[in-house]
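Open your viewer and load the model.

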Amino acid sequence: MENEVIRPRPAVLHVRVIAYRVPVLRVALNNRQFAQLWIAQVISQSGDWLNRVACLVLIGTLGGTTAQWGVGALFGAELALRLLPSALFGPLAGPIADRVPRRLMMVAADIGRAIVVLGLVFVRDPEDLPWLYVLIAMQTAIAIFFEAARTAALPDTVPPEDLHAAYALSAVTWSVTLSVGALVGGWLVSWIGVQGAFAVDAATYVVSAACLFHLRLPPVVVHPEPFRWRDVISMTEMRRGLAHLRSLRITPVVFTKTFWGAAGGLLVLLAVAGKERFGDTHGADAVAAAAFTTGALYSARGIGTAFGPVLARWRYGSTDAALRTQITVGFVVAAFGYAAFGASDRLDLACLFVAIAHMGGSALWVASTVFWQKHVDDAFRGRVFALEFFGMDVAFATGGIITGLIYDRTGSMSLTVWIVSAAVLVLGGVWTWLARDIGEPIVSEQSTR
């Protein structure tokens, strides 16, 4: 499709002059449809992080009143239920995103999530915790349909030469909304309580749906194979996507996030650290203290992810060989950053090392996505996205649960972090070995077909 150019108004001309010096901002200013998609992302993801901080604080507060489960297991279950529904419904979301209007799919998902999140307002007592986990799972199950449609639609909103910049901006936006949303979430929990934060999150989904309502996208490709439920259940659709990847010889790239899955344990440890290591050092109110420290650690994660893809692109470039290098370097930086986090007893140092670690994590995340998006045919984007997130969700959920149990068994934050960091480093080495034959000569031959 032809991308429309947004005409500047005098009042915002100075903003455009500054933005044109930054390629990742320029792509939003020059492409109207991408700008609409991006604004919706900013709004809904800001609410997501309000929701996440509120849920973690609520679990730490209500879960701390019972000895039935250790805090590590409770946080691990929260992470798993934010991931496993995506793995379960991804094989359905991918084929649907390749067959139905993607704008309609995103709007419907936003409205559905708003309704589910409002249910979290009624979780107030320890006996309500099971409902909290059920609603988290429902929210995540709906979200995978939104993400499948958004990921498949994004390349249709920018010209090919702007694709890397568009994904870099999307990653930076995720990072900024994480940083701001986590900090604001901690503040809102202290001010209006967790229920108020849930209400704000529900409102962000409604606003996001309104932003997407007038998004114009090309019609989806007509498929020779009809949609059949038995194909979804038997994973036939996923096997078709995998066969396409094998024909391009880029399968390891799509499963980069699966190898990064040990980092799911590191996300659990951020929540544990916010409550157990630093949560009693910033105020007498346990809820306010946990909200502040958890928000600070997650905000540091966001700052790191904002800089990672931009620095990696500046340092290495955007060729296939450069993207593969970014993935390998990302594993190493993430492992050593978190190892240093494990030895940090001060919140400011802990935040610094978390930021460094996630510079590496976000670099490998964006590089792998850009790599396969450059070469996968439009008709397979939804299914390849589903494959990618299926592996990632299962790996992250497994890493989170195992890490929570290790922490509950050892009682040592430092030891648990070092174990998980070592796993990240080893898995990064395995990925590098598997991807040793993937390079520009191999893939460029396919891309010229």
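**Before you start**

This is a predicted model, in which local features need pLDDT of at least 70 and side-chain atom pairs count only at pLDDT 80 or more, while totals for chains, interfaces and linings use all residues. Residues are numbered from 1 along each chain as its sequence is written, and side-chain values use heavy atoms, with hydrogens and water left out.

**Stop 1: the whole chain**

Switch to a cartoon view. The protein chain has 19 helices and zero strands. Both are DSSP runs numbered from the N terminus: helices are H or I with at least four residues, strands are E with at least two.

Now show the surface. Of the 449 residues in the protein chain, 57% are buried. Buried means under 20% relative accessible area, exposed means over 50%, and partly exposed lies in between (1.4 Å probe, protein chains only).

Look at contacts next, meaning heavy atoms within 4.5 Å. Among contacts in the protein chain with a separation of 6 or more, 85% join residues 24 or more positions apart.

**Stop 2**

Select residues 129–153. This is helix H7. Its 25 residues should span 36 Å at 1.5 Å a residue, and its end C-alpha atoms are 36 Å apart, which agrees. The expected span is 1.5 Å times one less than the number of residues. H7 is mostly covered, with 19 of its 25 residues buried.

Move to residues 263–277, helix H13. H13 has 15 residues and reaches 19 Å from its first C-alpha to its last, close to the 21 Å expected. Because 13 of its 15 residues are buried, H13 is largely enclosed by the rest of the structure.

**Stop 3**

Select Phe-278, in the loop between H13 and helix H14 (286–316). Is Phe-278 buried or exposed? At 2% relative accessibility, Phe-278 counts as buried. Show its contacts beyond four places in sequence: among them are Ala-273, Thr-293, Leu-297 and Ala-350. Arg-346 touches Phe-278 too. Those two are 68 residues apart in sequence and 7.9 Å apart in space, C-alpha to C-alpha.

**Stop 4: H3 against H8**

Select residues 32–63 and 163–212, helices H3 and H8. They pack at an angle of about 40°, with their axes 5 Å apart. Axes are lines fitted to C-alpha atoms, for helices over the stretch in contact, and angles run from 0 to 180 degrees between N-to-C directions. H3 and H8 are therefore oblique to each other. Angles under 35 degrees count as roughly parallel, over 145 as roughly antiparallel, 65 to 115 as roughly perpendicular, and the rest as oblique.

Colour the contact of H3 with H8 by class: 30 residues are nonpolar, 15 polar and two charged. Here Ala, Val, Leu, Ile, Met, Phe, Trp, Tyr, Cys and Pro count as nonpolar, Asp, Glu, Lys and Arg as charged, and the others, Gly among them, as polar.

**Stop 5: Glu-78**

Select Glu-78 in helix H4 (residues 71–81). Glu-78 counts as buried, at 1% relative accessibility. Beyond four places in sequence, Glu-78 touches Arg-52, Leu-56, Ile-59, Tyr-133 and Ile-136.

**Stop 6: H10 against H17**

Select residues 236–248 and 381–410, helices H10 and H17. The angle is about 95° and the axes are 9 Å apart. H10 and H17 are therefore roughly perpendicular to each other. Residues in the contact include Met-238, Gly-241 and Leu-245 of H10, and Arg-383 and Val-384 of H17. The contact divides into six nonpolar, one polar and three charged residues.

Centre on Val-384. It is buried, with a relative accessible area of 0%. Leaving aside neighbours within four places in sequence, Val-384 is in contact with Gly-241, Leu-245, Val-254, Trp-372 and Val-376.

**Stop 7: Arg-249**

Step to Arg-249, in the loop between H10 and helix H11 (251–254). Arg-249 has a positive phi of about 60° although it is not a glycine. At 48% relative accessibility, Arg-249 counts as partly exposed.

**Last stop: the cysteines**

How many disulfides does a search of the whole structure find? The search finds zero. A disulfide here is a pair of cysteine sulfur atoms within 2.5 Å. Select Cys-55, which is buried at 0% relative accessible area. Finish on Cys-351, which counts as buried at 15%.
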